[in-house]
Amino acid sequence: TLRSLLESFRHDQMLYMIDIKQCEDCEARTEIRRDSVLSCCERVVRSVFGILADFPAINVREHVVFSSTQPEVLRIVKKQSANSAKATLSMDLRYALYSRARLIRTLKTAQADGISGYYRFVQRRARSLRAIQRQRPLLIFVWTVNDRQIVCDLLKTDFPAIISDFPHEISKPAIST
């Protein structure tokens, strides 16, 4: 659970990424009523903030990034935190065909501070992402990279955070220039 992870890995230098997935209840209700989905998501977000409140050493603004594929969830996170929490829209390859303008609109609609993107998406859209970064601040977290050479390549592109299943095996890679 989130509580047990926070108890096990408390560290003032750690950045916690909390990915809020759409629950099965929400998926089932999507066909019925959109407002019931939002209330379900609101309960989940409130619950997460309630757990975080039990850990005063974890500053939400400094140590937590929320992520979701659902723009509605990110808007709820922003509302719940009075706009202080960082929120990233989780993007996979289905977003690879989006134009730069559509990516910008999607991020704006979600009130996202950035993206957490599957590494193949980030590789394919690196130029567009850099162009968006020149227009507005954009956090970019890259997941799930388990290949040391790909990590090296991504580090050269200045994307600040790379998520891996095996960080101990690829930590501090030697970057050849």
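## Starting from Ser 116

Ser 116 is found in strand β4, where strands (E, at least two residues) and helices (H or I, at least four) are DSSP runs numbered from the N terminus. Ser 116 is buried, at a relative accessible area of 1%; buried means under 20%, exposed over 50% and partly exposed in between, using a 1.4 Å probe and protein chains only. Setting aside neighbours within four places in sequence, the contacts of Ser 116 are Met 17, Ser 67, Thr 88, Leu 89, Ser 90, Met 91, Phe 141 and Trp 143, with contact meaning heavy atoms within 4.5 Å.

A quick word on the ground rules: this is a predicted model, so local features need pLDDT of at least 70 and side-chain atom pairs count only at pLDDT 80 or more, while totals for chains, interfaces and linings use all residues. Residues are numbered from 1 along each chain as its sequence is written, and side-chain values use heavy atoms, with hydrogens and water left out.

## The chain overall

The protein chain comes to 10 helices and six strands. Of its 177 residues, 41% count as buried. Among contacts between residues at least 6 apart in sequence, 57% join residues at least 24 apart.

## The sheet

The six strands make an open sheet, ordered β1-β2-β3-β4-β5-β6, with parallel pairing; two strands pair if DSSP finds at least two bridges between them. β1 (16-19) and β6 (161-162) stand at the edges with a single partner strand each, so one side of each has no neighbour in the sheet.

Now for the pairings around β4. β3 and β4 run parallel and are joined by four bridges, and Gly 114 in β4 is the bridge partner of Thr 88. Five bridges join β4 to β5 (residues 139-143), also in parallel, and here Tyr 118 stands opposite Trp 143 in β5. β5 and β6 then pair in the parallel sense over two bridges, with Val 142 opposite Ile 162 in β6.

## Met 91 in β3

Met 91 has its place in strand β3 and is buried, with a relative accessible area of 0%. Not counting residues up to four places away in sequence, Met 91 touches Leu 103, Leu 107, Ile 115, Ser 116, Gly 117, Tyr 118, Phe 121 and Trp 143. Met 91 and Thr 69 are 22 residues apart in sequence, yet 6.6 Å apart in space, C-alpha to C-alpha.

Which residues of α6 are buried? In this helix (residues 100-110) they are Leu 103, Thr 106, Leu 107 and Ala 110. They span an arc of only 95° around the axis, which puts them on the same side of α6; the arc is taken from the directions from the helix axis to the C-beta atoms. In general, an α-helix has 3.6 residues a turn, so residues three or four places apart point the same way. On the other side of α6, Arg 105 and Lys 108 are exposed.

The cover over the buried residues of α6 includes α5 (71-80), β3 (86-91), β4 (114-118), α7 (119-124) and α8 (126-135). Just after α6, Gln 111 takes a positive phi of about 60°. As for α8, its buried residues are Ala 126, Ser 128, Leu 129, Ala 131 and Ile 132, and they pack against α6, β4, α7 and β5.

## Aromatic rings

There are four aromatic pairs, counting rings of Phe, Tyr and Trp (its six-membered ring) with centres within 6.5 Å; planes under 30 degrees apart count as stacked, over 60 as edge-to-face and the rest as tilted. The rings of Phe 49 and Phe 66 have centres 5.1 Å apart and planes at 25°, so the pair is stacked. Phe 49 lies in helix α3 (residues 34-53) and Phe 66 in strand β2 (residues 64-68), so the pair ties together parts that are 17 residues apart in sequence. Phe 49 counts as buried at 14% relative accessibility, and Phe 66 does too at 0%.

Tyr 118, Tyr 119 and Trp 143 form one aromatic cluster. Finally, the charged end of Arg 102 sits over the ring of Tyr 98, 3.7 Å from its centre; the rule asks for NZ of Lys or CZ of Arg within 6 Å of the ring centre and within 35 degrees of the ring normal.
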